[in-house]
Amino acid sequence: MTRRLLIVEDDPGLQSQMRWCFNEDLDITVASDRESALAALRRVEPDVVTLDLGLPPDPGGSSEGFSLLEEILRLASLTKVIVVTGREDKENAVKAIGMGACDFYQKPLDADILNFVVNRAFRLAELERENQDLARQRNGANIKGIVAASPQMLAICRTLEKVAPTDVTTLITGETGTGKELLARAIHDLSHRSRKPFAAINCAAIPENLLESELFGFEKGSFTGATQTKKGKIESANGGTLFLDEIGDMPMALQAKLLRFLQERVVDRVGSVQPIPVDVRVVCATHRDVKSLIDSGDFREDLYYRISEITLDVPAVRDREGDALVIAQSLLKNLGKQMDRPTLTFSEDAIDAISSYAWPGNVREMINKVKRATIMADGKRVTAEDLELPSEHTSHDHQLNLRQVRENAERQAIVQALRTCNFNVAQTSRLLGVTRPTLYNLTDKYRIETSAEASKT
């Protein structure tokens, strides 16, 4: 990755000298005043800035330099600023450090010392970025694996964070592909049981005659083929969390046995008469309408009330305002890195298509389509065709309507991402998968305030 340095210096002779101090692998930009420095800051997003405090219209003082320092720290919080001062100007150097500059350098110019100070700042910037990347794996929703900016999904995440530390039995409902298992794992990870086992079983994927022994275990000789005693999933999760996926497909006979376990917290292995106590937190999930199953006699009402002490109803992607584009950007960024195509971006028609498509398969479908597009895209732009999504071009009016839909969704996603990141522009740009200059262009285009205070007025 290219290191980017911005030199803010009004003396042309010193500008040239400073350029020659550094290796060719640095991408160096020079600015001579406050206005050009801010323009360069947005255009190139430098990792490090060297800032001479004596800038026009106050070249003999420091007021303009301090004002610029303040703006750089506000607009680019991760950028490291090295203040350049005169030999006897220690007071301003100390003041600059207090304001947030990472270091200072005193004239006259010494190439070795300047290189050392600048390289140290680059290393500090890289370490901070690595730490933020690790923290961002929990993303804007603060839950590992969940990317969300919509009020609907953020409300689910906030509820989950409150529920996780307790031991209440939780039911997660929602369409296939909405991330129910990720939420179940998050409940486990955020609980006091996080260091204990997380055992998951899909009640719809295992034949009825095997599901009981998989859940409850069996004793040696209890049936043909039972050559040794085996613990079931419930026992293996002792101390931790048991996740019962697609519980709406559990056979009625097993529902009665599960209800007894939930009431008494003991397991009866197949072929055993000795109950085994188990301490486990139970989380269930289903894509089916459990109340309809109760009405049709396919699900026990008493079991439903046992498993739904708390219910999280996960909305479909089409019902999450602006989330489709945010999720797609995050997937493209992550999959692009995995497949050594980190510079891929979505074209205009792809953004239109992502925003207007209903995503019946939800996030799971989106993962498949973005993965395919990452492989198939020519050049650096992923198109609607690469995503295998419909691209509407039937009439001028329809294009205008689609454009309006996209712009509305884009604006909504930006506003929600800013709120999610507490109006930290650097974090917001990464959540949305765009550069800070692109985000600034978009906020200017849609007249979106990028500060929490201004957004309230």
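Helices (H or I, at least four residues) and strands (E, at least two) are DSSP runs, numbered from the N terminus. Residues are numbered from 1 along each chain as its sequence is written. The model on screen is predicted: local features need pLDDT of at least 70, side-chain atom pairs count only at pLDDT 80 or more, totals for chains, interfaces and linings use all residues, and side-chain values use heavy atoms, with hydrogens and water left out.

**Stop 1: the sheet**

Show the strands as a cartoon. Five of them, in the order E2-E1-E3-E4-E5, form an open sheet with parallel pairing. Two strands count as paired if DSSP finds at least two bridges between them. Now color E2 (26-31) and E5 (103-106). These are the edge strands, and each pairs on one side only. From one strand to the next, the twist averages 20°. That angle, like others here, lies between N-to-C directions on a scale from 0 to 180 degrees; axes are lines fitted to C-alpha atoms, for helices over the stretch in contact.

Zoom in on strand E1, residues 3-8. It runs parallel to E2, and 6 bridges join the two. Select Leu 5. Which residue of E2 stands opposite Leu 5? It is Ile 28.

H4 lies across strands E4 (80-85) and E5, and runs at about 160° to E5.

**Stop 2: Asp 52**

Select Asp 52, which is in strand E3 (residues 48-52). An unreviewed UniProt entry annotates Asp 52 as "modified residue: 4-aspartylphosphate". UniProt positions are given in the numbering used here, feature names are shortened, and annotations may be inferred rather than shown by experiment.

Is Asp 52 buried or exposed? At 7% relative accessibility, Asp 52 counts as buried. The cut-offs are under 20% relative accessible area for buried, over 50% for exposed, and partly exposed in between (1.4 Å probe, protein chains only).

Now display the surroundings. Apart from neighbours within four places in sequence, Asp 52 is in contact with Val 8, Glu 9, Asp 10, Val 84 and Lys 107. Contact means heavy atoms within 4.5 Å.

**Stop 3: Glu 64 and its partner**

Move to Glu 64, in helix H3. Glu 64 is buried, with a relative accessible area of 14%. Leaving out neighbours within four places in sequence, its contacts are Arg 34, Leu 53, Leu 55, Pro 56, Pro 57 and Asp 58.

Pick out Arg 34 from that list. Glu 64 and Arg 34 form a salt bridge, with the closest N and O atoms 3.7 Å apart. Helix H3 (residues 63-75) holds Glu 64 and helix H2 (residues 34-44) holds Arg 34, so the pair ties together parts that are 30 residues apart in sequence. Arg 34 is partly exposed, at 27% relative accessible area.

A salt bridge here is a side-chain nitrogen of Lys or Arg within 4 Å of a carboxyl oxygen of Asp or Glu. How many does a search of the whole structure find? The search finds 22.

**Stop 4: salt bridges within helices**

Select Arg 123 and Glu 126. Their side chains meet in a salt bridge (3.5 Å, N to O). Both sit in helix H5 (residues 111-136), 3 residues apart, so about one helical turn separates them. Arg 123 is partly exposed at 39% relative accessible area, and Glu 126 is partly exposed at 22%. Arg 3, Arg 123 and Glu 126 are linked in a network of salt bridges.

Go on to helix H10, residues 252-264. Here Arg 260 and Glu 264 are 4 residues apart, separated by about one helical turn. They form a salt bridge, the closest N and O atoms being 3.3 Å apart. Arg 260 is partly exposed at 30% relative accessible area. Glu 264 is also partly exposed, at 44% relative accessibility.

**Stop 5: the nonpolar cores**

In soluble globular proteins, nonpolar side chains tend to be buried together. A nonpolar core is a set of buried Ala, Val, Leu, Ile, Met, Phe, Trp, Tyr and Cys residues joined through side-chain atoms within 4.5 Å.

Select Phe 346, Ile 354, Met 366 and Leu 387. They have the most contacts inside the largest nonpolar core, which has 63 residues. Helix H13 (residues 323-338) gives the most to this core, with 8 residues. A second, separate core has 30 residues, including Ile 234, Ile 247, Val 290 and Ile 307.

Finish on Phe 346. Not counting residues up to four places away in sequence, Phe 346 touches Ala 328, Gln 329, Leu 332, Ile 351, Ile 354, Arg 381, Val 382 and Leu 387.
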